[in-house]
Amino acid sequence: MFSILFVLGTYPNYGGTEKVTTVLANELTQKKHKVSIASFEQPRPSLIDEELNKSIDILKLSYPVLKHSNLKLLEEFIIAKEINIIINQWCLPYFVTLLINKARKNHKCSLISVLHGVPNQNKRLLDLLNRKNNTTNLVKQFAYKTAHAAMLWLTGLNLRFVYMHSDQYVVLSKSFIGTFLKLSKISNDNKIKVIANPITIATPNNFNEIITNKEKTILYVGRMDYTNKRVHRIVEAWEEISDKYSKWNLVLVGDGPEKNTLVSYVKSKKIDRIIFEGFKKDAPTEFYKQASILLLTSDLEGFGLVVIESMIYGVVPIVYGSYTAIYDIIEPGKSGFTTPMPYQKTNTVQQIEKLIKNKSLRQKMSKAAHERAQFFSLETIVEEWESLFSLSNSK
């Protein structure tokens, strides 16, 4: 058995990485490993009592990351808990790795760094590209293009540093490896391992009943922001076809800076049968049970937990193929649909209508989606992690 420490920027908190950490930590504890979690900010402490196994210890660090008190606390914790595996869930920026390596320097403790995203994409890079593409001022275009290139270069340096100073390096998709190696200028990929995120919600034991009772609902679940999620695309696609399919509706679950803009747009355009459900603290399993189709039109995703979570409940996903990991999840045309880059509303609308018009196709793809999602079951993913622990500990 191993003594494992997860390190995050913020925890406990709502978010994909935080949720994955909670689920993995709980399951590893069930398998008799000793598990702890360290974070530099603890915005929602009530989640510890609500979601985390009582035996899991929490180490409260604080900003700035590299201050001496953090180093002292972390090293003392490594000694006291006899930590032999550290999983760095915040491996960008580089200085988190720097802190961890100082703390473990004199101790037999392996470091596994996990990149929770696409190597050459993040919100800052995407924002600079959007700014460049949305201005006609040539000077500004040049400035944004230069800033993007500089930030991409710095990202590559960060990736390289963390990789070189870790014992193992995990990416969420095999398709990320080539991009990572090119950007980081790493030639030896022997440390890279691929472990996908697991399904973080309870899987249904009455799937046949669920698929029989599916409603004529199209679903979006997630944060509502413009920069990466682009939820307005979903609203605009529905606007185009809502009058044709009066028995169908669109449900949007989530909150964020774009929500008020979307609500105003729907009212001004008098678009029918759109329901804004807002943020839900609990897992949206009831929405997954009811929905027939899931839409995701993001410009930026790392893995897309909502996709596999909806699929395990037989929701057929239609996803904009802006990130390569989606092709690890969906078998296009079998367990869901992907639409090509660059984004075009007509592609999304075409796939929605294909499913709306053909119930037998929906049901066939619903079953295929459920079967495909089981490749990402918690049990399967934890077994992969345990194999990596054994490999790291043997070196």
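This note goes through the cavity, a pocket, the charged contacts and the aromatic contacts of a predicted model.

1. **The cavity.** The structure holds 1 cavity of 30 Å³ or more. The volume of the largest cavity is about 50 Å³. Its lining includes Val20, Leu24, Gln89, Val114 and His116. Val170, Leu172 and the run Ile195, Ala196, Asn197 and Pro198 also line the largest cavity, as does Trp385.

2. Which classes of residue line the largest cavity? The count is 9 nonpolar and 3 polar residues, with no charged residues. Gln89, His116 and Asn197 are the polar members, since Asp, Glu, Lys and Arg count as charged and residues such as these fall among the others.

3. **The second largest pocket.** This pocket holds about 260 Å³ of space. It is lined by 13 residues, and those closest to its centre are Asn120, Gln121, Leu126, Leu129 and Asp299. By class, the lining has 6 nonpolar, 5 polar and 2 charged residues.

4. Helix H5 and helix H6 (138-164) each supply at least two residues of the lining of the second largest pocket. H5 gives the largest share, 3 residues.

5. A search of the whole structure finds 16 salt bridges. One of them joins the side chains of lysine 19 and glutamate 51, at 3.9 Å from N to O. This pair links distant parts of the chain: lysine 19 is in helix H1 (residues 16-30) and glutamate 51 is in helix H2 (residues 46-51), 32 residues apart. Lysine 19 has a relative accessible area of 28%, so it is partly exposed. Glutamate 51 is also at 28% relative accessibility and therefore counts as partly exposed.

6. **Lysine 123 and aspartate 225.** These two residues form a salt bridge, with the closest N and O atoms 3.5 Å apart. The partners are 102 residues apart, and the pair links distant parts of the chain. Lysine 123 belongs to helix H5 (residues 123-133), while aspartate 225 lies in the loop between strand S8 (217-221) and helix H9 (232-241). Are the two partners buried or exposed, or in between? Lysine 123 counts as partly exposed because its relative accessibility is 41%. Aspartate 225 counts as buried because its relative accessibility is 5%.

7. **Aspartate 299 and arginine 233.** Their side chains meet in a salt bridge at 2.9 Å, N to O. Aspartate 299 sits in the loop between strand S11 (293-296) and helix H12 (305-311), and arginine 233 sits in helix H9, so the pair ties together parts that are 66 residues apart in sequence. Aspartate 299 and arginine 233 are both buried.

8. **Aromatic pairs.** A search of the whole structure finds 13 aromatic pairs. For tyrosine 320 and tyrosine 343, the ring centres are 5.3 Å apart and the planes are at 80 degrees, so the pair is edge-to-face. Tyrosine 320 is in strand S12 (residues 316-320). Tyrosine 343 is in the loop between strand S13 (337-339) and helix H14 (345-357). The two are 23 residues apart, and the pair links distant parts of the chain. Both tyrosines are buried.

9. **An aromatic cluster.** Ring pairs link Phe2, Trp385 and Phe389 into a cluster. Trp385 is also one of the residues that line the largest cavity.

10. **Charges over rings.** The charged end of lysine 191 sits over the ring of tyrosine 163, 5.3 Å from the ring centre. Arginine 372 lies over the face of phenylalanine 375, at 4.8 Å from the ring centre.

11. **Isoleucine 100.** This residue lies in helix H4 (residues 94-104). Its relative accessibility is 0%, so isoleucine 100 counts as buried.

Notes
Residues numbered from 1 in each chain as written. Predicted model: local features only at pLDDT ≥ 70, side-chain atom pairs only at ≥ 80, totals over all residues. Heavy atoms only, no water. 1 Å grid on protein atoms, 1.4 Å probe; cavity = no way out; pocket = protein on both sides within 12 Å on 5 of 7 lines; lining within 4 Å. Points joined across faces, edges and corners; volume = space filled by probe spheres on them. Salt bridge = Lys/Arg side-chain N within 4 Å of Asp/Glu carboxyl O. Helix = DSSP H or I, 4+ residues; strand = E, 2+ residues; numbered from the N terminus. Buried < 20%, exposed > 50% of the residue type's maximum accessible area, 1.4 Å probe, protein only. Phe/Tyr/Trp six-rings, centres within 6.5 Å; stacked < 30°, edge-to-face > 60°. Lys NZ or Arg CZ within 6 Å of the ring centre and 35° of its normal.
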